[in-house]
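The notes follow the order in which I looked things up.

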Amino acid sequence: MKLKEQDFINTYRDISYPDKIDLSASAPSNIALVKYWGKHGMQLPMNPSVSFTLNQSRTNTTAHLSLLKLPSKTVEFQFFLDQKPRPDFEPKIAGFFEKIKVYAPFITAFHWQIYSQNTFPHSSGIASSASAFAALAKMIVDLEKQLFPSHKDDNYYKKKASFLARLGSGSASRSIAHPVMIWGKHPGIPDTSDLYAVAPDFELHPVFKNFRDSIILVEKGQKKVSSTAGHNLMAKHPFKAIRKQQAFLHALQMTQYLKSGDLDNFIKLTEAEALSLHALMMTSDPNYILIQPGTLKVIQLIRHLRQTLNLPVCFTLDAGANVHVLYPDKISDNLEKYLFSKLTYEIIHDYI
Ligand code: DP6
């Protein structure tokens, strides 16, 4: 069933809360095959996106909640990354809490001590916002379940977690379930919504079952242009209309390939999407370039391997220089021999 914004508002009032609660949640990162690029309103996507959920790259979060003596208007919290206080992250989290307050008003009753840890190296350049906000959102939904036992089912709570995560970071909406998630309303894909991501109504074809994503860290460290700034540049992008059309078509085609197991077309489309994303950055005003010479080198090696050895391997990119190498598990040895061992970059081996 499709849910509306009002369905996520928690209307319970005046219950007595426990003095202390401990919560914990873990959420994975995800890699978009069809990219979310451009947004409007309250974190609503310009187009639908489709992603694989990763397994190893995760954020694990715990929180110690203590009931406040007097209710507060804003959420009172402290944030620790790897056990160290990180006030520099607090404005973004405070903004998230502000946005979700109306859907989860009970969060203001407590002081939150939040401890977060990523399983991937902090300086790796892997975006942690998707897994981080997904973990926080899952925790808040868990708290809601504990405080307000109701007849709502698991499906509702998953959608609510995705809805809340989206308000922290768009791509976080897709880090709630696996192995494939679709975020953004598409007339040709059942049950899709701009408000939350859903798992498709079909089984992922077995050719994708043991798919791997090896992330080649061409460039470590913070991105030079944030995704949020990039999304905003889409509002007046000269190719906005055509990109929208392209992404709607690609989202539909991608779901068809994931269902039918059409690996050749999957490879073609995945790379086309990655290159479109970076072409949009290179043609926005101001324009910018995030790929590096090393990115192109890896791309060329992958294409060479495909042509010469006929290996079903392809790449995708996120908003940075790192290359995600996607391939079935059974060709892992070949890739180790002909690609990974030839590179000096650090590589994170993950799978969907
Ligand atoms: C290129 O979700 O990081 O990775 O909503 O502003 O937090 P905000 O942006 P974010 O953008 C991700 C962009 C992307 C493509 C994708 O994941 O779909």
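**Entry 1: the model.** I noted at the outset that this is a predicted model.

**Entry 2: α1 and α2.** I looked up the pair formed by helix α1 (residues 90-100) and helix α2 (residues 129-147), whose axes come within 12 Å and cross at roughly 45°. Because of that angle, α1 counts as oblique to α2. I recorded the crossing as right-handed. On the α1 side I found K92, I93, F96, F97 and I100, which meet S129, F133, L136 and I140 of α2. By class, the residues of this contact are seven nonpolar, one polar and one charged.

**Entry 3: α5 and α6.** I then turned to helix α5 (residues 240-260) and helix α6 (residues 263-282), which pack at about 155° with axes 10 Å apart. The angle is over 145°, so α5 is roughly antiparallel to α6. Their crossing is left-handed. From α5, the contact includes R243, Q246, H250 and Y257, and from α6 it includes N265, F266, E273 and L280. I listed the classes for the contact of α5 with α6 as seven nonpolar, six polar and two charged residues.

**Entry 4: the ligand.** Which residues come nearest to the ligand? Of the 15 around it, I noted Y36, K39, S169, G170 and S171. I next looked up side-chain N or O atoms facing ligand oxygen atoms. For Y36 the distance is 2.6 Å, for S169 the distance is 2.7 Å, and for H231 the distance is 2.9 Å.

How values were computed: Residues numbered from 1 in each chain as written. Predicted model: local features only at pLDDT ≥ 70, side-chain atom pairs only at ≥ 80, totals over all residues. Heavy atoms only, no water. Axes fitted to C-alpha atoms, helices over the stretch in contact; angles between N-to-C directions. Helix = DSSP H or I, 4+ residues; strand = E, 2+ residues; numbered from the N terminus. Parallel < 35°, antiparallel > 145°, perpendicular 65-115°, else oblique. Left-handed = near helix turned anticlockwise from the far one by under 90°. Contact = heavy atoms within 4.5 Å. Nonpolar A, V, L, I, M, F, W, Y, C, P; charged D, E, K, R; others polar. Near = heavy atom within 4 Å. Polar contact = N/O pair within 3.5 Å; in protein donor to acceptor, adjacent residues only side chain to side chain.
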